[in-house]
Amino acid sequence: MAELEKTYTVKPRDFIRAGEVSIQIQSLLKSMGVTPDIVRRASVCAYESEMNIVMYGGEGTFTLRVDQDMIMIRACDDGPGIDDIELAFQEGYSTATPEYREIGFGAGMGLPNIKKNSDEIQVESHKGEGTCLVIYIKIN
Amino acid sequence: MKAGELIEKLQVELSAGATGLDNTVDNAYCGDLLSDVMAHAPQGSVWLTIQGHQNIVAVAVLKEIAAIILVNGRIPDDDTRTKADEEGIPVLLSQDTSYQVAGQLFKHGIGTDCG
């Protein structure tokens with residue numbers, strides 16, 4: 001597996017382009033010959049973390065790194081930060097606005113979906129400063 | 001079954017994404033919450049939803065969903081149609097409810113081998 005590192009920018013509240021970075025990552029992983037099951041898991045992780053930035057974050061930076069045995073996705077934003085990280089991982093808990101819920105977001109499944117589809121997840125969040133989510137998926 | 005066969009079998013209307021009509025449909029999922037679909041929709045599904053905004057196309061691409069049926073007479077946003085055309089995800093329109101469409105799919109053998 002070729003080693004690769006690529007960085008993308010995710011704009012907050014840009015619902016028109018939301019998901020495009022994840023689709024690019026999906027295509028890239030497929031073209032690198034990553035197995036379909038791993039691509040599917042990485043796609044879920046990428047999309048949920050991309051949407052977290054679009055809905056709740058500030059300016060976001062998305063980094064994909066692929067090496068011999070691991071995919072790493074780092075999604076960082078300079079948004080308001082997460083108040084209670086443990087609560088944010090609880091399935092069904094959401095701080096989505098009514099507007100977001102009307103269009104099918106805010107199921108409280110974003111971070112739980114990432115947890116289920118990754119091998120390791122690290123969250124660093126500071127109130128008023130932003131959030132960094134680092135997701136690891138083993139390739140083999 | 002090919003996505004294109006759904007048009008006649010379910011009496012639905014093609015709205016966008018015609019280049020994906022050869023996609024193979026072998027399962028189905030009903031859901032209006034996008035993260036629920038991300039969590040549970042099997043690949044190769046036809047997805048039944050009332051959501052007509054453009055974000056459904058990204059979800060469909062990422063979950064390798066074969067086609068989307070908008071139920072209850074919902075119509076897609078223009079941006080949704082454009083994205084569906086770009087990505088080759090057929091968007092089909094039905095006046096029926098999710099339950100009714102799911103029943104028709106089941107009758108045609110879609111998803112019947114799933115637990």
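1. Which residues lie nearest the centre of the largest pocket? In this predicted model, they are A:N52, A:Y56, A:I82, A:T95 and A:L111, out of 31 residues that line the pocket. The elements that give two or more residues to this lining are α2 (36-56), β3 (70-77), α5 (110-117) and β5 (130-138) of chain A, and the largest share, seven residues, comes from α2(A).

2. The volume of the largest pocket is about 640 Å³, and its lining divides into 16 nonpolar, 11 polar and four charged residues.

3. The second largest pocket, with a volume of about 170 Å³, is lined by 15 residues, and A:V44, A:N117, B:M38, B:A39 and B:K63 are those nearest its centre. Two or more lining residues come from each of α2 and α5 of chain A and α2 of chain B, with α2(A) giving the largest share, four residues. By type, the lining comprises six nonpolar, four polar and five charged residues.

4. As for the interface, 22 residues of chain B are in contact with 24 residues of chain A, and the two chains bury about 1900 Å² between them, 56% of it on carbon and sulfur atoms. The rule finds 10 residue pairs in polar contact across this interface. On the side of chain B that touches chain A, the elements giving two or more residues are α2 (34-40), α3 (55-62) and α4 (78-87) of chain B, and α2(B) provides the largest share, six residues.

5. Three salt bridges are found across the interface of chain B and chain A; the side chains of B:E64 and A:K30 meet in a salt bridge at 3.6 Å, N to O.

Terms used. Residues numbered from 1 in each chain as written. Chains lettered and ligands numbered in written order. Predicted model: local features only at pLDDT ≥ 70, side-chain atom pairs only at ≥ 80, totals over all residues. Heavy atoms only, no water. Contact = heavy atoms within 4.5 Å. Buried area = accessible area lost by both parts, 1.4 Å probe. Salt bridge = Lys/Arg side-chain N within 4 Å of Asp/Glu carboxyl O. Polar contact = N/O pair within 3.5 Å; in protein donor to acceptor, adjacent residues only side chain to side chain. 1 Å grid on protein atoms, 1.4 Å probe; cavity = no way out; pocket = protein on both sides within 12 Å on 5 of 7 lines; lining within 4 Å. Points joined across faces, edges and corners; volume = space filled by probe spheres on them. Nonpolar A, V, L, I, M, F, W, Y, C, P; charged D, E, K, R; others polar.
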